[in-house]
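The following questions and answers concern one protein chain. Please consult the sequence and the structure while reading.

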Amino acid sequence: MDTIKIPDKKNVKMIAHRGLSGIERENTNSAFVAAANRSYYGIETDIRRTGDGKFVLFHDKTTARVGIDSLTVEQSTFDTLRSLVLTEIDGTRVRSDLRIPTLEEYILINKKYGKVAVLELKGEMTEEEICRICDTIESLGYLQNVIFISFSFNNLVLLRQKYPEQPAQFLTSTYDDTLIGRLLEHKFDLDINHEALNAENTAAIKAAGITLNCWTVNDLARAEELIAFGVDMITTNILE
């Protein structure tokens with residue numbers, strides 16, 4: 001099993017969604033290393049707070065979909081979450097190495113392979129939590145290689161207060177005429193559902209000087225269309 005190659009990506013940067021999640025279980029160190037060993041520019045993941053105030057890399061609110069046992073991440077301790085063996089992508093639980101990763105593990109994989117870390121702040125976070133995440137990454141000497149993304153506009157505003165130059169992309173499912181102005185006001189870039197993009201609004205976003213990422217593109221023909229529109233980044237499970 002391998003990735004689906006795009007014949008001509010031009011200058012578009014490819015982002016591995018939750019690691020190489022088309023091949024390995026999403027948001028595991030295996031998925032991160034699989035992406036790191038390929039041509040991806042960046043590796044995307046999701047960060048959540050645990051019940052005891054630590055941070056783990058996990059997308060859903062509960063572990064049921066990828067771990068059979070259902071634990072609520074923000075109500076469970078780090079040790080409890082770490083002890084859970086996740087399933088393979090076919091739903092079988094046969095690999096003891098598939099565990100919920102730490103922020104430090106993810107950053108060090110990106111650092112070792114020279115990849116950009118694309119880190120989604122899940123849910124509403126406090127300024128203290130965002131600063132702790134940044135402090136951890138800074139202590140590993142890699143904050144300059146991280147792009148923060150979030151569906152919470154306020155999360156990115158809080159990030160900006162301490163880190164005014166840190167790359168940040170607002171996540172959204174929709175496009176409207178107010179979006180470009182909001183992004184420019186706070187110096188945010190954009191990570192948008194690819195279905196909301198067309199040639200016209202892509203041109204408007206690019207004309208405003210906004211870096212444009214889009215998610216989650218797994219169809220080759222659609223990826224080639226988006227490349228022709230002029231997007232800067234494509235986030236994908238399987239394309240390369």
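**A hairpin and its surroundings**

Strand 2 and strand 3 form a hairpin with 5 residues between them, and G53 in the turn has a positive phi of about 80°. Strands (E, at least two residues) and helices (H or I, at least four) are DSSP runs numbered from the N terminus, and two strands pair if DSSP finds at least two bridges between them. This is a predicted model, in which local features need pLDDT of at least 70, side-chain atom pairs count only at pLDDT 80 or more, and totals for chains, interfaces and linings use all residues. Residues are numbered from 1 along each chain as its sequence is written, and side-chain values use heavy atoms, with hydrogens and water left out.

Q: Which residue in strand 3 stands opposite R48?
A: Strand 2 and strand 3 (residues 55-57) run antiparallel and are joined by 3 bridges. Within this pairing, the residue opposite R48 is V56.

Q: What is the bridge partner of D46 in strand 4?
A: Strand 2 also runs parallel to strand 4 (residues 116-121), with 6 bridges joining them. In strand 4, D46 is paired with E120.

Q: How many residues of strand 2 are buried?
A: Buried means under 20% relative accessible area, exposed means over 50%, and partly exposed lies in between (1.4 Å probe, protein chains only). Strand 2 (residues 42-49) is mostly covered, and of its 8 residues the number buried is 7.

Q: Is R18 buried or exposed?
A: R18 lies in the loop between strand 1 and helix 1 (29-36). R18 has a positive phi of about 60° although it is not a glycine. Most residues other than glycine have a negative phi. With a relative accessible area of 13%, R18 is buried.

Q: Is K10 buried or exposed?
A: K10 is found in the segment before strand 1. Its phi is near 55°, a positive value in a residue other than glycine. Because its relative accessibility is 57%, K10 counts as exposed.

Q: Which residues does Q166 touch, not counting residues up to four places away in sequence?
A: Q166 sits in the loop between helix 6 (153-162) and strand 6 (168-172). At 8% relative accessibility, Q166 counts as buried. Contact means heavy atoms within 4.5 Å. Not counting residues up to four places away in sequence, Q166 touches L143, V146, F148, L159 and R160.

Q: Which residues does E104 touch, not counting residues up to four places away in sequence?
A: E104 belongs to helix 4 (residues 103-113). E104 is partly exposed, at 36% relative accessible area. Leaving out residues up to four places away in sequence, E104 touches T136 and L140.

Q: What percentage of the residues in the chain is buried?
A: The C-alpha atoms of the chain fill a box of roughly 50 × 45 × 30 Å, taken along the principal axes. Of the 240 residues in the chain, the buried share is 54%.
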